[in-house]
Amino acid sequence: MITLFPSSFLKIVYTLLLWVFFLGCATVPPVRKEPIKEEIPLETRPVPKEPLREVDLFAAFPGKYRTKAIDFEQRGELRKALFAWQVVRSFQPDDLESAERKKTLAARIQSESDRHFQAGLQYLRKNLPQAARKEFLMALTYDPDHEQSLDYLKHKLNETDFIRYETKEDDTVKKIAQKIYNDPNKDYLVAYLNDLNIGAKLKSGLTLKLPLIESVAAAKPVDSEEMLSKAWALFKAQKYDQAVNYAEKILEYASANSEAKDLKNASYYQLGTRLLQKKEYRESLRMFKKVDISYKNVREIVANLENRLQDQKAQAENHYQKGVRHFLAEELNLAIKEWEITLKLDPQHLKAKKDIEQANRLKEKLRKIH
Amino acid sequence: MIPVLTYHKFSKNKSDNMTVTEKAFEEQMRFLKQQGYRVISMNEFFNFLELKSPIPKKSVVITIDDGWRSTYEIAFPILKKYGYPATLFVYTDLISPNDETLGWDLIRKMAQGGIDVQGHTKTHRKLERSGQESLREFFEAVKRELTESAKIIKRHLNKDVQYLAYPYGDTNTLVIALLMRLGYRGAFTVERGSNPFFTHPHRLKRSMIYGHFDLQDFEKNLTYFSDEALR
């Protein structure tokens, strides 16, 4: 095999890279200054035979953007494609392809956004506001300035719990309450919410906004009981993460609910135990720390886990130092291996992570030199 | 998708669902800074929702509920240190100066130091009709909760209330209709999740930060997305 460089040369390069690795950018190598040259008198300076040619820095732009535009079009990113064609056109106003593509794309964007908008309206007519919302969002993806879609998303979709009522001649607040709520005594709602006087005569053509009130039914008194029984069922099915979600929800409303507290403790305890069995000590400690310290033997478990993780940290440091020694002995692969063990034992060991990255970069540089 | 974080109480050492320790709160605020989050004010958030002005990527809103004294003693200095705006939702019946709760003098100090004070009703009653209440009684009671608390805040701080945090996060169409009539710009539930630009301004989501959350849990609440947001 032919080698371009003798091994002693590689050694020198390696040592230099090592220096760079350890010193980083903090030290700047001394710069060898060029000796100051004497100024050549004007009359003796060589005269260029040809005038200097101006380099057009933007010459490559149209080509680049043409490629980009085609690529965006193929990926269905129409707006980006349109923009790229516009760039091409601004550089080459006589270019027919970009003019044509720009026109076609603009029309396609318009038709796609309109198609999605119409689909949204259809879903709304079928009383499917969620599906409608997705269509309006799609319309905006094609055309962020699609005002009607924006209007539906921001306003009309949010008003599905309201009725708009246009007043007619001879309407009174009571009559409207009768029409909308089937109860003339709900006139106070119509009046207050629309800033009207109950007894006043109404002009025709006014638009009133009235809430639908079926959903304002009296609250169920014992929903936390229901939630608790569901949560215990999940606990018994060993779905501890779901059980704990219910417990947390109940505690948001009633922080003193002792059964919910028990459930939360028991669930986190089980989640911690599961992780402990899998020897995932760090995650296990996270779970046990969510349990009240006085619950069962949690205090003891937390202390043991903390000790174990402390030991692990010390072991991690040993492996890190081993890695450094390998590195200094120019055994890059072994060094990386040790630092990987370090990270496994202590994922927060920042130096190990950084050194692996730098060592890999160094390996890559050496590979290129070879 | 803008996350809105909710805190209640703070403590030097103790933590539970409603109480976050000083250390944890400091860590969380530092985390926001380190991860490049931008804490924005409530007005900035609503200007964005109303498509009036843009906000930075990774924006987040901080809110604190009720009016506990620890807000002043623990959270306020940390917020000030990081230069973060926050909104304090007070229920006005709680406000009286003692060891546990805030008085108006301290609230005023916080208001002068970048804390926006907004409404959380007068008595912190659930805005849900109880079995014994007629619709009319419920309507009048909610109206009182909203108007009286706003009047008290106006009297003490000389400012108009524009935002509400629903006690226990509960709301319904009638409450929303009342809020709109009274000129509230928006209101917040405690449903976990972030808010896309098209969220209903009176059904905004907030994520409660529990005392036992570690940074991993905290981070999840900054990136929490449920496709319910699209429903």
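Okay, let's start with B:Thr189, which you'll find in the loop between β9 (186–188) and β10 (194–195) of chain B. Strands and helices here are DSSP runs numbered from the N terminus, with helices being H or I over at least four residues and strands being E over at least two.

Before I go on: this is a predicted model, where local features need a pLDDT of at least 70 and side-chain atom pairs need 80 or more, while totals for chains, interfaces and linings take every residue. Residue numbers run from 1 along each chain as its sequence is written, chain letters start at A and ligand numbers at 1 in the order written, and side-chain values use heavy atoms, leaving out hydrogens and water.

Is B:Thr189 buried or exposed? It's buried, because its relative accessibility is 8% and buried means under 20% relative accessible area, with exposed being over 50% and partly exposed in between (1.4 Å probe, protein chains only). And what does it touch, once we leave aside neighbours within four places in sequence? B:Thr189 is in contact with B:Tyr166, B:Gly169 and B:Thr171, and also with B:Arg203, B:Leu204, B:Lys205 and B:Arg206. Contact, by the way, means heavy atoms within 4.5 Å. Take B:Lys205 from that list: B:Lys205 and B:Thr189 are 16 residues apart in sequence, and their C-alpha atoms are 5.4 Å apart in space.

Let's stay in chain B and go to another loop. B:Ser96 sits between β6 (86–90) and α4 (104–112). B:Ser96 is partly exposed, since its relative accessible area is 31%. Setting aside residues within four places in sequence, B:Ser96 is in contact with B:Thr101, B:Leu102 and B:Gly103.

Now for the helices. Where is B:Ala75? Look in α3 of chain B, which covers residues 69–82. Beyond four places in sequence, B:Ala75 is in contact with B:Phe10, B:Phe25, B:Ile64 and B:Ser70. There's a distance here too: B:Ala75 and B:Lys9 are 66 residues apart in sequence, yet 8.8 Å apart C-alpha to C-alpha.

Next, helix α1 of chain B, where we find B:Gln28. Why does B:Gln28 count as buried? Because its relative accessible area is 2%. Which residues does B:Gln28 touch, not counting those up to four places away in sequence? They are B:Tyr7, B:Val20, B:Ile209, B:Phe213, B:Leu215 and B:Phe218.

Most residues other than glycine have a negative phi. Here are two residues with a positive one. B:Tyr168 has a phi near 60°, and it isn't a glycine. You'll see B:Tyr168 in the loop between β8 (163–165) and α6 (173–181) of chain B, and it's partly exposed because its relative accessibility is 28%. Over in chain A, A:Asp195 has a positive phi of about 55°, again without being a glycine. A:Asp195 lies in the loop from α8 (187–193) to β2 (207–211) of chain A, and it counts as exposed because its relative accessibility is 58%.

Let me zoom out to whole chains. What secondary structure does chain A have? The tally is 15 helices and two strands. For chain B, the tally is seven helices and 11 strands.

Then burial. Of chain A's 370 residues, 35% count as buried. In chain B, buried residues make up 60% of 231.

How about contacts along the sequence? In chain A, looking at contacts with a separation of 6 or more, residues 24 or more positions apart account for 49%. In chain B, for contacts between residues at least 6 apart, 66% join residues at least 24 apart.

And finally, surface, from the Shrake-Rupley method with a 1.4 Å probe, where for residues only the protein chains shown count as cover. Chain A's accessible surface is about 25,200 Å², with 55% belonging to carbon and sulfur atoms. Chain B exposes about 9,400 Å², and carbon and sulfur atoms supply 48% of that.
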